[in-house]
Amino acid sequence: MPDVVAEAENVWMEYKDIIALRDVSLQVGEGKIKVLFGPSGSGKSTLLRCLAMLTKPTRGKVFLRGEELTSPEADIDKARAKIGFVFQNILLFHHLRALGNVTLGLRRVLGLPKQEAREKAMKALREVRMERWVDHYPAELSGGQQQRVGIARALAMEPEIILFDEPTSSLDPELKGEVLDAMKDLAKKGRTMLIATHEMHFAREAADEMIFQDEGRIIERGTPKHFFTNPSTDRARRFLARLVREGQSNV
Amino acid sequence: MYEFIPKYLPFFLKGLQHSFILALVPLALGFLVGLLAALADVYRGRTASTLISIYVEFFRGSPLIVQAILFYWFIPQDLLGMRIDRLMAALLVFTLNSGAYQKGYIKGAIEAVHEDQMTAARALGMSKLKAIRHVVLPQALRIVIPGWTNEYASMSKSTSAALAIGIPELANISMSVASWTFRSFETYTFTALLYFIWIFFSVKVLEMVYERVKIPGFEA
């Protein structure tokens, strides 16, 4: 399949006393939006981190555009520059203003000249509607604004894929919307994205495929329609019911 | 009653000048030592950490005055059979001593920012070295300033240990003046005042520097 962007092949992640991923395989194709969901501790974050090689899987292979990143010869830094990552706890660089957060990678990783980096960064910040806040330090922004800068930071690098690790779960409910709107905009523009989230409303609107993960395994996958009408596994059904009950989403 | 002071002022100022050199050179060189030791401790394996902790504990675990004597008399002259310039010996031992303390402050600052910020930098495709240089250190070296200010004040006063190896720094000069004039009270109060002015204004400057460069909303 030539249009596969990111791929995990029989990936295992074993820690001393816990197995975080058990034989997980997954492909994200060009322009696809996949949503990863499941209880906390089910291995969603670990899977995303493995795909970006922020942690190296103990077994299995990870590919980006067909290049095996788990191979000892792979240039991981170069690959990471092509993978956007948006963190649950945002992780902006505290000492840089919003603009500096976005230009840093362009300047120091891609080696762009200052002016070009600035223009690219401004374009990315406009995409998440943060162009008016470029001179603010992270601590001077709300959580939602910070996360939008986090998205712009990933976006500006023109990545092959953006991985989102529960991008709204650290935000107050009233701040989630602006981040989800920014993500929907990216989805409409055909960005390739893999998103771990419990925002089922977003998933229903934007996802091409949903993947339910539990205890380190992929239990069930299907379209949003499949999951919201008739999930085939008990576990997925129970989990979705619980999400609705706890009001974590507005399905 | 302080009427004799002006007559001896040139001696005091000469002493102060020695004390400045004995504080500022070791603080600057000790910063480089402390920075490298902190980086090696955090980013290089266990062997490096063990060696560094031996170094730190040695210099933290005995009085500076004893170290000065060891490094001027005992090690070069008795052990190695060579003569060494007093000032050089003092600068060396003060640098190593200050470096040991500065390592602790800098390491603490690096650890306060390291983990998450490193992850974010690596996710952008930065190498470890670039991440240290462009993300970790710019933050760590800002938040280390208050701790470093303590080390500055401490080191400035500790220069008096150099009197043990006969360097005419401020404390040494004031002992001489006291013995020449038999006016101990005035001599030592004046000496204390000189140290106080030096340290008070330096600390104010360092506090201003910190206020200027500190990261909004992020203080460790």
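Start by showing chain B and chain A together: they bury about 1900 Å² between them, 66% of it on carbon and sulfur atoms. Buried area here is the accessible area (1.4 Å probe) that two parts lose on being put together, summed over both. Now select A123(B), L124(B) and P216(B), which supply 29% of the area that chain B buries against chain A, more than any other three residues. Across this interface, 21 residues of chain B are in contact with 23 residues of chain A (contact means heavy atoms within 4.5 Å).

A word on what you are viewing: this is a predicted model, where local features need pLDDT of at least 70 and side-chain atom pairs pLDDT 80 or more, while totals for chains, interfaces and linings use all residues. Residues are numbered from 1 along each chain as its sequence is written, chains are lettered from A in the order written, and side-chain values use heavy atoms, without hydrogens and water.

Next, pick R122(B) and D77(A). Their side chains meet in a salt bridge at 3.3 Å, N to O (a side-chain nitrogen of Lys or Arg within 4 Å of a carboxyl oxygen of Asp or Glu). The count between the two chains is one salt bridge.

Now move to helix α8, residues 184-213 of chain B, with 30 residues (helices are DSSP runs of H or I, at least four residues, numbered from the N terminus). Its buried residues include F190(B), L194(B), W198(B) and Y210(B), where buried means under 20% relative accessible area (1.4 Å probe, protein chains only). To see what covers the buried residues of α8(B), show helices including α1 (5-43) and α5 (128-143) of chain B.

Technical notes:
Helix = DSSP H or I, 4+ residues; strand = E, 2+ residues; numbered from the N terminus. Expected span 1.5 Å × (residues − 1). Buried < 20%, exposed > 50% of the residue type's maximum accessible area, 1.4 Å probe, protein only.
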